[in-house]
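Have the chain open while you read.

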Amino acid sequence: VSSQNFPRPTRTPYVCYLLLFTSPFSILGEIVVNEVNFVRKCIATDTSQYDLWGKLVCTNFKISFITDDPMPLQKFHYKNLLLGEHDVPLTCIEQIVTVNDTKRKQKVLGPNQKLKFNPTELIIYCKDFRIVRFRFDEAGPESAKKVCLAIAHYSQPTDLQLLFAFEYVGEMYHNPAKKVNTIDPRGGGSSSNASGQQTPLFETYSDWDREIKRTGASEWRVCSVNEGYMISTCLPEYFVVPSSLADQDLKLYSYSFIGRRMPLWSWNHPNGSALVRMANIKDVLQQRRIDQRICNAITRSHPQRSDVYKSDLDKYLPSIQEIQAAHIKLKQLCVNEPFEETEEKWLSSLENTHWLEYIRSFLKHSAELVYMMECKHVSVVLQEEEGRDLSCLSASLIQVMLDPYFRTIVGFQSLIQKEWVMAGYQFLDRCNHLKRSDKESPLFLMFLDCVWQLLEQYPAAFEFSEMYLTILYDSARISLFGTFLFNCPHQRVKESTEFAISKNIQLGDEKGLRFPCVWDWSLQFTSRDRLLFHNPLYIGKSAPCVQNGAVKSFKRSKKNYSSTLRGVPPALKNGIISEQEFFPRRNSLILKLKPDFLQQTESQSNSMEQYFRDWFAKPVDLHGVILPHLSGTQIKLWKLCYFRWVPEAQINHGGFITAFHKVSLLADEVDMLNRNLRQYKSNSSLQGNCSELDHSRMYFRANGLNDTSGAPDFLSSSFPFSPIGNLCRRSILGTPLSKFLSGAKIWLSTETLANED
């Protein structure tokens with residue numbers, strides 16, 4: 001990007017621009033591009049009583065509103081170490097609208113555009129469903145115009161290397177002493193669990209080899225044929241293939257696949273069944289021969305030499321265009337549509353977006369493939385045109401359902417690294433970081449939404465919370481992290497190497513620049529705030545107990561799991577479930593099978609039906625397979641993610657956070673009792689273990705045993721986010737949305753939970 005008004009930042013201005021404004025959130029490489037004083041941030045549409053006065057600043061990383069006024073009506077706001085309370089990352093901006101009240105004009109600003117009128121108002125539409133509004137009534141008209149043009153220019157770069165991550169790493173390599181935080185490329189420290197595990201990035205041979213050993217895939221091997229990206233630029237350097245396939249065969253076969261994307265191993269079931277992803281074969285003449293050889297190799301890798309089942313995702317799942325269209329409708333419904341007193345079509349409008357329908361489709365299809373691997377003991381091949389979109393989502397969901405490791409924080413992060421980042425999901429295009437891609441589609445958000453549905457149905461099976469999933473989605477919109485910035489690993493190496501050469505950065509033996517990793521959560525949050533990531537309802541594989549003064553591990557068996565967990569339908573009594581609750585006629589796993597399953601014999605269909613019937617009839621094994629409930633009432637709208645910025649939709653002392661708070665206090669009391677018991681058994685002094693007694697893994701902590709204190713005043717359905725300061729709309733009282741939200745409050749109230757069977 002280069003223009004007369006907004007030249008591309010070079011290293012020369014760093015001295016005079018770096019950290020020009022007083023802000024605790026300024027980071028390395030951030031420069032002020034433009035600013036304007038006497039700006040009013042609108043808090044409500046019907047009154048200016050609560051508006052804030054301050055300075056609006058545009059940097060090469062974010063837009064920031066700096067004020068000394070306290071935020072009105074707000075009792076809590078979690079703090080991101082990279083972003084201030086009023087900051088918006090440039091890559092999170094979707095649309096910029098300038099308004100002139102006097103001339104009754106408005107204009108959507110693009111990069112390098114001219115603005116023929118002096119704006120009196122600026123409206124920022126964000127990709128995370130926020131709408132932020134500023135008024136320039138007292139600001140200088142020319143200064144207001146310049147800051148609007150600067151925001152439009154820097155939020156819509158024309159080149160990947162103009163994203164802030166490149167400025168950051170460039171400054172970091174030139175001035176290592178100025179680093180704000182020490183960045184561990186593996187994301188260790190902050191994303192580690194209690195045992196100190198780190199998130200594998202699957203950039204090395206050893207990471208893949210460890211995953212093979214973890215899953216027991218003895219007939220598979222790590223292949224290095226793509227080292228240096230010599231075969232395919234959209235595959236990782238290392239991936240896993242059947243041991244019976246030689247490197248020479250892989251090189252030969254690669255020419256026949258779209259993008260030269262050879263079959264990729266994803267995961268192995270303990271029974272030997274494998275999950276494999278594969279792009280379409282473009283060579284029609286060789287298609288049958290190569291396809292047969294690949295399937296034969298996968299069959300030989302199975303200890304029982306079982307058959308291979310292929311699922312064509314392009315035929316049986318919504319396309320990326322359909323998903324994008326549904327997302328646009330969902331955003332229009334949740335953000336842009338005003339709610340009238342007489343509005344009675346909100347729920348039908350939600351259905352017409354098809355968003356929940358597509359969520360159900362992915363969950364249903366994944367559950368059917370779980371049956372094939374778990375019950376039929378066959379390997380599954382996910383086939384897609386390029387093998388880097390729908391297969392990312394399907395492969396990830398299948399593994400979440402089958403493998404409890406991927407329901408832990410570190411396991412889930414490794415899953416995203418393996419199936420999305422390294423497998424070549426096009427984050428740059430699909431997230432539209434450069435604001436010019438017609439390939440935009442929120443597949444990653446849909447995946448997180450599907451996982452949230454499972455978390456909502458089986459909360460004790462997941463180590464992470466819905467706050468973690470929401471913040472993870474937000475982090476994909478922060479241009480500092482290289483994790484979600486590129487279309488493939490090769491693009492990161494290529495672009496960063498070119499950038500390093502242009503900036504005279506010596507790389508040495510490194511393959512490109514090392515960008516900050518999103519899994520290093522210490523870059524964004526304090527250790528206390530990171531406790532919000534942990535789900536207090538989670539039941540780990542083992543729990544500590546004290547016997548004869550020694551801490552031992554107590555392993556839970558199936559009979560230890562309570563059937564009263566919220567993951568089990570209310571109608572489940574003593575292992576028996578009613579016919580109506582078991583499989584609804586509509587959208588059931590059995591009665592509306594995909595066409596590929598309908599081709600099975602009658603006995604196979606009966607076998608699938610019996611498998612699901614038997615599974616739902618038993619208490620849930622939280623460390624085994626989990627399957628989704630798919631009826632209309634059990635697939636829900638993710639309110640925290642989509643409604644957190646709508647002030648009118650906020651429920652004070654309501655939402656899931658009320659249960660989260662109560663369970664956290666109970667879990668903290670249990671931890672306190674365990675620590676006291678260990679101290680008593682070990683006969684050590686209280687002072688000697690003071691640090692252990694002060695330690696807690698819960699964000700909400702009990703003041704003491706039998707703590708009866710009420711919920712904090714700042715708890716609401718949008719916690720830990722604050723909708724204050726986002727564009728308000730007309731009243732929703734008496735509308736279907738109001739009833740919808742009120743119903744959620746009643747259902748999640750502590751009284752209701754206490755009275756449930």
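Among contacts in the protein chain with a separation of 6 or more, 73% are between residues 24 or more positions apart, a contact being heavy atoms within 4.5 Å. Bear in mind that this is a predicted model, where local features need pLDDT of at least 70, side-chain atom pairs count only at pLDDT 80 or more, and totals for chains, interfaces and linings use all residues. Numbering starts from 1 along each chain as its sequence is written, and side-chain values use heavy atoms, with hydrogens and water left out.

The chain has 24 helices and 16 strands, taken as DSSP runs (helices H or I, at least four residues; strands E, at least two) and numbered from the N terminus. Of its 757 residues, 59% are buried; buried means under 20% relative accessible area, exposed over 50%, and partly exposed in between (1.4 Å probe, protein chains only).

Now for the inside. The largest nonpolar core has 180 residues, and F412 and F447 touch the most other members. Such a core is a set of buried Ala, Val, Leu, Ile, Met, Phe, Trp, Tyr and Cys residues joined through side-chain atoms within 4.5 Å. Helix α10 (residues 355-374) gives this core its largest share, 12 residues. Apart from this core lies another one of 32 residues, including V36, I63, C126 and V132.

Back to F412: not counting residues up to four places away in sequence, F412 touches V400, Y405, F406, F447, L448, V451, F464, Y468, L469 and L472. F412 is also one of the α12 residues, with L415, I416 and W420, that meet L443, F444, F447, L448 and V451 in α14. By class, that contact has nine nonpolar, no polar and no charged residues; Ala, Val, Leu, Ile, Met, Phe, Trp, Tyr, Cys and Pro count as nonpolar, Asp, Glu, Lys and Arg as charged, and the others, Gly among them, as polar.

Where does P720 sit? P720 is in the loop between α22 (690-694) and α23 (736-747), and a cis peptide bond with omega of about 5° joins F719 and P720.
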